[in-house]
Amino acid sequence: MADRPRMLFNAFTMFTPSHHAQGLWAEPDSNQLAYNDPATWIELARLCERGMFDTIFFADVLAPYDTYQQSRDATVFEGMQFPTGDPSVLIPLLAHHTEHLGFTFTQNILQEHPYPFARKMSTLDHLTGGRVAWNIVTTFLPGAGRNLGYGGLPEHGDRYARAEDYVQAVYKLWEHSWEDDAVLRDRARRQFADPAKVHEVDHEGPYYTVYGPHLSEPSPQRTPLLFQAGMSGTGRAFAGRHAEALFISSTTPESAAPVVADVRRAAAGRRIRIFVPQAYVVGSTEAEARRRDTELLERQTVEGNLARMSVFLHHDFATDGPDTPVGELRNRPGVSRQVRDLLNAADRDDWTLGELVRWVGNRRLAGTPERIADSVEAWQSVGVDGVNLQYVVSPTTFAEFVDHVVPVLRARGLVQREYAPGTLREKFFPGSGSRLPVSHPARARGFRRWGNNLKG
C-alpha cells in the first residue's frame with residue numbers, strides 16, 4: 001500500500017448557518033449559528049490542518065433560493081444558505097492561524113469585473129503565501145443575475161462565453177503584465193520596480209475590456225490554483241481547457257467512471273485533479289452509524305429540503321403536492337420529468353414526495369471508519385483524486401473524520417502524512433513548481449507582448 005497515490009481532501013463548507021444538511025444547525029453539537037464569530041472559523045481551520053486536509057472549500061451564492069412556492073420564505077425561515085457572508089474575507093484570517101492549509105473560494109464571473117477581481121486574488125495569494133484557489137463558476141441562480149444588474153440569468157451558453165472572456169482577461173493580468181524580474185526593491189536607488197517591465201495587457205474581448213497594467217505585483221502562484229464545478233457538456237469542455245481541479249457531482253464510483261474519462265479526454269493530457277462530494281456519519285459499528293444517520297435525517301425538515309432541491313432541479317416541488325405518497329405519484333399522469341426521475345430513485349412507496357426529497361438530498365455514507373475508507377478506495381479505483389467532505393453537523397463531522405477516519409486512511413496510504421512544501425499548486429502537484437505549467441492556455445496562447453522570458 002505504500003506506493004498508493006494519496007487522495008486529496010477538502011472541507012466543503014459555506015459562510016452561512018446551514019450549507020447542505022438543512023435544519024441541523026439546531027443540533028446541540030453544532031456551532032453553525034456562530035458563523036459570524038472568527039473563532040468558529042479559526043477552530044475549523046486548525047482542525048482541518050491537524051487532519052491534513054488540502055483546503056477549506058468555500059461554496060457561495062449571491063441570492064436566496066426562491067423557486068419553492070415561488071418564494072424565499074422557506075429559505076429565510078430555515079437559514080438555508082442564507083444569510084451568507086463573503087468567504088474571501090475569511091481567508092487571510094485563517095491563513096494567519098495555519099501554516100499549510102489551502103483555501104478554495106467560489107466566485108462567479110458575473111459578480112465582479114475582471115480587473116479588480118484579479119487584484120483581489122493576487123492580494124489573497126500574497127497574504128496566504130500562495131495557498132489560495134479560485135472555484136470558477138457561472139452561477140445558476142436567476143436572482144443572482146437580477147441582483148447583479150443583468151435583469152435575470154444570462155443563457156447558459158452566454159454565461160460560458162462570458163467566462164471564457166473573463167479568464168482570458170485575468171490570465172493576461174496575472175501572467176503577462178509584470179515580467180519576472182520587474183520588481184527590484186532597490187533601497188540604494190530608491191527604485192521599487194522597472195517601468196520598462198510592467199505592461200498594459202490591452203484585452204478587448206466580446207464582454208470585457210481591460211487595459212492594465214495589473215495593480216498587484218506577481219504573487220507566489222501568479223495565477224491561483226484553478227477549480228471549476230460545471231458538469232454540463234459545455235462546463236466539462238471549459239474545465240478541460242482551464243481547470244486544474246474539478247468538482248463533479250457523481251453519487252457512485254460506477255457513475256463517476258465515464259465522467260472522469262470524459263474530463264480527462266477534454267483535458268487532452270493536461271494534469272487535472274477530480275473531486276467528488278461525500279458526507280459521512282461515523283459509528284463504532286455499522287448499526288450505530290445507521291442509527292445516528294436515521295435520527296439525524298428524521299430531525300431534518302422536509303420544507304428546507306424541498307426549498308433546496310427545487311432550486312437544484314429547477315422545479316417547484318410545491319406544485320406536485322409534497323404530502324402526496326410516492327406510490328400515488330407513480331401512477332399519476334403528467335408528472336414532470338424531474339419528479340419522475342426523483343421517483344425512480346425510491347425503493348419504497350410509503351414515503352411522501354417531501355420525505356423522498358429529504359432522503360435524496362441527504363444521501364450519505366453511514367458506517368465505521370473502515371467502511372468509509374473502503375469507499376474512498378472505491379472512488380480512487382475509478383480515477384477520482386479527492387473528496388469534498390460535506391458536513392452534516394459542523395464541526396462534529398469534520399472532527400469525527402479527523403479523529404477516526406484519517407488514521408485508517410493514513411494506514412492505507414490514502415491521506416498525506418505531512419504537507420509538501422511550497423504553494424498550494426505545489427502541494428496538489430508535487431514537483432510542478434508554483435506556476436501554471438507552460439502547456440496551460442494562460443501561458444501557451446499568444447498573450448505575450450514583451451518576449452518569451454517568463455520562467456517555468
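Helices (H or I, at least four residues) and strands (E, at least two) are DSSP runs, numbered from the N terminus. The model is predicted, and local features need pLDDT of at least 70, side-chain atom pairs count only at pLDDT 80 or more, and totals for chains, interfaces and linings use all residues. Residues are numbered from 1 along each chain as its sequence is written, and side-chain values use heavy atoms, with hydrogens and water left out.

**First stop: Q22.** Select Q22, in the loop between strand 1 (8-14) and helix 1 (38-50). Is Q22 buried or exposed? Q22 is buried, with a relative accessible area of 0%; buried means under 20%, exposed over 50%, and partly exposed in between (1.4 Å probe, protein chains only). Now display the contacts of Q22 (heavy atoms within 4.5 Å). Leaving aside residues up to four places away in sequence, Q22 touches E78, M80, Q300, T301, G304, N305, R308 and N362.

**Second stop: the cores.** A nonpolar core is a set of buried Ala, Val, Leu, Ile, Met, Phe, Trp, Tyr and Cys residues joined through side-chain atoms within 4.5 Å. The largest has 80 residues, and F9, F53, W134 and F401 are among those with the most contacts inside it. Helix 6 (residues 156-176) gives the most to this core, with 9 residues. A second, separate core of 39 residues includes L8, L306, A346 and F428. In soluble globular proteins, nonpolar side chains tend to be buried together.

**Last stop: L313.** Finally, select L313, in the loop between helix 10 (302-312) and helix 11 (326-330). L313 is partly exposed, with a relative accessible area of 30%.
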